[in-house]
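Hello,

Here is the structure you asked about. Please open it next to this email; my notes follow below.

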Amino acid sequence: MTRSKFSGFAIAGLLAAGTMAVLAQDAFTAPATPEEAVEVRQAMMRENGGILRSAAGLSGEEAITAMTTLRDNFSHIPDVFPENSIVGDSKALPAIWENWDDFTAIAESGLAAAESGLAAAEAGDMAAYTAAVQTIGGTCGQCHQQFRAE
């Protein structure tokens, strides 16, 4: 299989997963246990990272799907960080709950960028879409520096 075919399959798989996540987000329910919260947020963050790694090369419906998923995921970040959810292999730091307003402000910034990126993708404004992707990546880095171990 050539690299371009593999990349195409990888992007198609990512978008299919993103579509499934969007459907799942419509019926989002906050995790019931700390263990479930860790599982859900780790899956959400992996999905966000996967989307961001390929997002700059997307356009049209693919870009819309990517931004929709990011928007939905960012809208639920506070829900997947309930207090006392540093269990199992969680890398969350207690600083999240000690500085909750700062933590949620970063999530809100990512959400606003995803909403902006979605509007840009829908309008076909790839410069604004790309800027939103960069902003989202920056919010992820900012949050990880302040609130994630390792």
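**What I found**

F81, W100, F103 and F147 form one aromatic cluster. Keep in mind throughout that this is a predicted model.

**The aromatic cluster**

The whole structure contains 3 aromatic pairs. In one of them, the ring centres of F81 and F103 are 4.9 Å apart and the planes meet at 70°, so the pair is edge-to-face. F81 sits in the loop between α3 and α4, while F103 belongs to helix α5, so this pair ties together parts 22 residues apart in sequence. F81 and F103 are both buried.

F103 also pairs with F147. That pair is edge-to-face too, with 5.5 Å from centre to centre and 90° between the planes. F103 is in helix α5 and F147 in helix α6, so parts that are 44 residues apart in sequence are tied together here. Like F103, F147 is buried.

**The overall fold**

The protein chain has 6 helices and 0 strands. Along the sequence the pattern reads α-α-α-α-α-α. The chain has 150 residues, and 39% of them count as buried. Now take the contacts between residues at least 6 apart in sequence: 76% of these join residues at least 24 apart. The accessible surface of the chain is about 8100 Å². Carbon and sulfur atoms account for 55% of that surface.

**The nonpolar core**

The largest nonpolar core has 33 residues. Which of them touch the most other members? They are M67, F81, Y129 and I136. Five elements are listed as giving two or more residues to this core: α2 (34-55), α3 (60-75), α4 (95-98), α5 (100-123) and α6 (126-147). Helix α5 gives the largest share, 9 residues.

I136 is worth a look on screen. Set aside its neighbours within four places in sequence. I136 is then in contact with L52, M67, L70, F74, G110, A113 and A114.

**The salt bridge**

How many salt bridges does the structure hold? The count is 1. R71 and D72 form it, and their closest N and O atoms are 3.0 Å apart. Side chains of opposite charge can pair when their charged atoms come close. Is R71 buried or partly exposed? R71 has 26% relative accessibility, so it counts as partly exposed. D72 has 10%, so it counts as buried.

Mean pLDDT for the protein chain is 87. A pLDDT of 70 or more is reached by 83% of the residues. Among the elements, α5 has the highest mean pLDDT, at 98. Helix α1 (residues 3-26) has the lowest, at 45.

Take care with the start of the chain. Over residues 1-25, pLDDT stays under 50. The model has 22 contacts beyond four places in sequence for this stretch. Where pLDDT is low, the predicted coordinates should not be read in detail.

Best wishes

Methods:
Residues numbered from 1 in each chain as written. Predicted model: local features only at pLDDT ≥ 70, side-chain atom pairs only at ≥ 80, totals over all residues. Heavy atoms only, no water. Salt bridge = Lys/Arg side-chain N within 4 Å of Asp/Glu carboxyl O. Buried < 20%, exposed > 50% of the residue type's maximum accessible area, 1.4 Å probe, protein only. Core = buried A, V, L, I, M, F, W, Y, C linked by side-chain atoms within 4.5 Å. Helix = DSSP H or I, 4+ residues; strand = E, 2+ residues; numbered from the N terminus. Contact = heavy atoms within 4.5 Å. pLDDT = per-residue confidence, 0-100. Phe/Tyr/Trp six-rings, centres within 6.5 Å; stacked < 30°, edge-to-face > 60°. Areas by Shrake-Rupley, 256 points an atom, 1.4 Å probe, with all protein chains shown as cover.
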